[in-house]
Amino acid sequence: MDGPRVRHELNAAGLSPAEQLRAAQDLLGFGSWHMNLDTGEVHWSDAVYVMLGAAPGGLIPTRESYLSRVHPDDVQPLLDDLEAVIGGSSERFSSTHRILAAEGAVRYVESLGVVEASDRGRILAGVVRDVTDRVAATQRLADLEQLRRFAGETSKLGGWRVEVGADRVIWTEECAAIHGVPAGTCPTLERAIAFYIPQDRPRIAEAFRQCVERGIPYDDQFTILNAAGQRVRVRTTGLPFHDDRGRIKGVHGALQDLTGILRAQEQVEALNLRLAHVLETMSDAFITLDHEGCFTYLNQQAEVALGQRREELLGAHIWTAFPQEPGSPFVRAYDLARRDRRRQEHVSWYEALQKWFSVVCEPTPNGVAVFFRDVTQEQARTEQLRLLEAAVARVNDILILTEVGPAPSAEGPRIVYVNDAFVDQLGYRRDEVLGQSVEILRDPNTPEHGLGPTLRSPPSVSERTQVLHHRRDQRELWLELDVVPLLGDEGRPTHHVAVARDITDRKLAEERVRIANARFDTIALITEDVVWDWDLERDAFWWSDGLYKHFGYDPQTFGTSFEAWEERIVPEDRARAAAGIKAAIEGHASSWTEEYRFFHADGRVRIVIDRGSIHRDERGRAVRMVGSTIDVTEQRAMQAQLRQAEKMQAIGQLTGGVAHDFNNLLTVILGNIELLSERTTQQHELHRLANEAMAAAERGAALTSRLLAFARRQPLEPKAIDVNQLLRRSDHMFRRTLPEDIEIETVAAAGLWLADVDPGQLENALLNLALNARDAMPRGGRLTFETANVRIDEDYAANHDEVSPGPYVLVSVSDTGHGMSPETVQRAFEPFYTTKGSGRGSGMGLSMVFGFIKQSGGHVKIYSEPGEGTSVKLYLPRSHAQKPSPADTPSYDIRGGHEHILVVEDDRHVRDHLERQLRSLGYRVSTAASGREALDLLQANPTVELLFTDVVMPGGMSGPQLAARVRERSPDIGILYTSGYTENAIVHQGRLDEGVHLLTKPYNRQALARKVRKALDEPGPA
């Protein structure tokens, strides 16, 4: 808001100078302050407290308290500016600095002041305002300019522009730099073309001419001579730009220095040549294959290794030229590299050449690159190393060598050798045992079954046994012991070799397995899931008793094979589930999860989630699978209901927002068309066109009404009504609307409760259902309306969304039409969803019924089957009134008045339209675009008798808030609201607040006149 306009509005409001100053500060966002330079006393306005992040009065106004909120880096510059004024060197004060506001926020403020003399001394008075947004905008512009310059400099890309009729070319700094001239140079068009070398000038001149005269853009490469005489290869583009009439106004484009790019291309070509030389001279064979497996390159070594020339192989498929069995290492490595895009290495025997080859398959963007070399000799050495490593690994076991004497010794055989593993694992030093009897190894904790007693009586043949032993530090150790006799030349044993392996971990694992099995058996008995155990080696299933509890099958008779489980899966899911579990077993997975449908023993289909843990042996082969099966049928049903409810809510919010803006437009359209229709009654053709436009606009209004009904945003005026009486009153309308070949029957229940519902909306909903029934019975049929008193119990409410248990008045609308499929029933309430042909319906009828019933606190349910007709049941909340509410008697006369009305509407078109309509009815009218403007007008015009305000307005003050402020000043003033999309301010639980007057957009002149007159005659509450 500019200063003159602010002064004009403040003067018009009749405020005092002090009040005008405070109001101006509020409107312009300024805070005021003054400081006595002689005493140091400081005062500031409430706006300064807000800028400092403090509550008004919550901070003592002193120079020190203000400086405490200033950013530390800005304190000294601020003091310097202030000292210049205090010292008398300057009569004006100006400072821009940062304030540390609440929660660590930093704000920029601008403070201006001037020194004035007074009887209290020298006074420095000034204003301060928040300029954070301005500083941020300035910084963003600087950043963008820096980014533009960086992009132009790094890519050597400049821009240019020529206007038709102008003789000058406008160049950017980058464009001037490419030409080697100073920034800001704007050469003539002739001079700009002269920079191009002579052989390129005709081509660039003709391209420019075609662009100017015919609008043909160009993009080509040329060579220029810059101001230093250097040849520069450039890419020049040109595009025409047009004026408002579409005529070519000029040409603009870009100029890019390609010298660096071309130099890089030359370097790449040189690198490619060097790479080709390396590949041709390398000792390894090298080939490349495309994604189809065809040769695209072979080096010389590959020709030698494969025994064929590259001309014969290029383009040929590798497995056609060199057949391989499916699944061979060569085929598998290639397929994995191509499919998984991962490097594959393997060493394999090539039968055709009787050699071992080391092969590396490397995925490339164009296929696969393959390196291979002869490693036959290396493979032989590798095999020897493998055997040697196996022997060394064997030595990692405990090795004990004992002698066999000529006769048994009382002390037992002596130990003659132990290896390092003996020392490491048993804790004895080698010098402690060598030459000693094996009795030294007797374990005091296991005197009869330890290592010592076993070696004391060695066998005559090889023998394996397990012994429990304790290390020297008393730690328990299980050993698997092999004792082998060594025979001398005479064939008699001379020594015994004992090899002991630590199997403690295996023993512990066996114990854990035993405990786990016991736990598994316990869990299987108490869990709610169906637990199963599949022995893959024997293809034998075990099922827990939960199989009977959840699915009705006896585990003893269910079957133990894979097929017994597979055949109970619903056929549509069977192949997928079976393939998934087999893939997990045959691959490397450690677990498997699948969701599928499973037959209950009684034939019902249940949705289950099956999970299994795969146990593999040391070779990675799956040997066992343990899992559980969970019935999630009810859970999936609840999730589907939740998704449907969320979808309907999201659609409702969207449609409500669309209807809001559309109703504002329709208000102006309907009003103007109505005025045109009245003024063209003698011009028949124009009158007919106006009426057609009116009908189209009214259809649009009906559509937005249905959108709001579905979105549960229409203002309802529920009353206690007799539904039987409403059906009797509507019977004539139904018979007039439906064709004669449809029989209408009404079955009215005796003693029917009163329903708490908006009668007009209910009648509209019943009409929509009747029209749907008509379309479902193209050859005629029966339409039945039936009423009843019903109660919804707790179980039904728990299984249906947004339903409360209690008494309801039921209205059933049933037809004998073609019915609906389950899929159609599920989507029937969605807006714009229809199964009718094009042009036969908007798809909003049932969605309107759904939204109206839900907003009324009721419930709606569709029962339908193809070929069996449809029944829509409306559950209306019961009213506890003793008698029906009196019916409204609509008035069709257009009656105006002379009262003064203040119209508050933020939409200028709607505001102007309302002013014209009300003036045409005789009223005096003032208008305002916001709540604050309306309050100012009311203070200046106390004769206003009716506030006509929109409900939703920008500026921080809604219609109801404005009405409350107005009623504080003028308790007797009438209030009339208008809205195209009601909010909770005047509508609660879908009901218009008691005594509130609301004119819903869009509306015609008659509705406007009736509502205005009623609001003036019956002011009601705000």
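The lining of the second largest cavity splits into 11 nonpolar, 3 polar and 1 charged residues. In that tally, Ala, Val, Leu, Ile, Met, Phe, Trp, Tyr, Cys and Pro are nonpolar, Asp, Glu, Lys and Arg are charged, and the others, Gly among them, are polar.

Before going on, a word on the model. It is a predicted one, where local features need pLDDT of at least 70 and side-chain atom pairs count only at pLDDT 80 or more, while totals for chains, interfaces and linings use all residues. Residues are numbered from 1 along each chain as its sequence is written, and side-chain values use heavy atoms, with hydrogens and water left out.

**Cavities**

Rolling a probe the size of a water molecule over the atoms shows where empty space is left. Searching the whole structure turns up 5 cavities of 30 Å³ or more. A cavity here is a set of points, on a 1 Å grid over the protein atoms alone, where a 1.4 Å probe fits but cannot get out, and its lining residues have an atom within 4 Å of a point. Its volume is the space filled by probe spheres set on the points, which are joined across faces, edges and corners.

Back to the second largest cavity: its volume is about 250 Å³. It has 15 lining residues, and Trp 33, Tyr 66, Leu 82, Phe 93 and Ser 111 are the ones nearest its centre. Strands E1 (30-36), E2 (42-44) and E3 (92-100) and helices H4 (63-67) and H5 (72-86) each give at least two residues to this lining, with the largest share, 3 residues, coming from H4.

The largest cavity comes in at about 300 Å³. Its lining takes 19 residues, and Leu 306, Ile 318, Trp 319, Phe 330 and Phe 372 lie nearest the centre. Among the elements that supply at least two residues each are helix H14 (329-340) and strand E15 (367-374), while E14 provides the largest share, 3 residues. By class, this lining has 17 nonpolar, 2 polar and no charged residues.

**Helix pairs**

Two packed helices are described by the angle between their axes and the distance between the axes. Axes are lines fitted to C-alpha atoms over the stretch in contact, and angles run from 0 to 180 degrees between N-to-C directions.

| Helix pair | Axis distance | Angle |
|---|---|---|
| H32 (931-940) and H33 (959-969) | within 10 Å | roughly 15° |
| H31 (908-920) and H34 (1005-1017) | 11 Å | about 70° |
| H26 (723-737) and H27 (759-776) | within 11 Å | roughly 45° |

Angles under 35 degrees count as roughly parallel, over 145 as roughly antiparallel, 65 to 115 as roughly perpendicular and the rest as oblique.

H26 and H27 are therefore oblique to each other. H26 passes H27 in a right-handed crossing, meaning the near helix is turned clockwise from the far one by less than a right angle. Their contact (heavy atoms within 4.5 Å) includes Leu 726 and Phe 734 of H26 and Leu 762 and Leu 766 of H27. By class it has 11 nonpolar, 2 polar and 2 charged residues.

H31 and H34 are therefore roughly perpendicular. Leu 914, Gln 917, Leu 918 and Ser 920 of H31 meet Arg 1005, Leu 1008 and Val 1012 of H34.

H32 and H33, finally, are therefore roughly parallel. Their contact includes Leu 935 and Leu 938 of H32 and Leu 962 and Val 966 of H33.

How values were computed: On a 1 Å grid over the protein atoms alone, a cavity is a set of points where a 1.4 Å probe fits but cannot get out, and a pocket is an open set with protein on both sides within 12 Å along at least five of seven lines; lining residues have an atom within 4 Å of a point. Helices (H or I, at least four residues) and strands (E, at least two) are DSSP runs, numbered from the N terminus.
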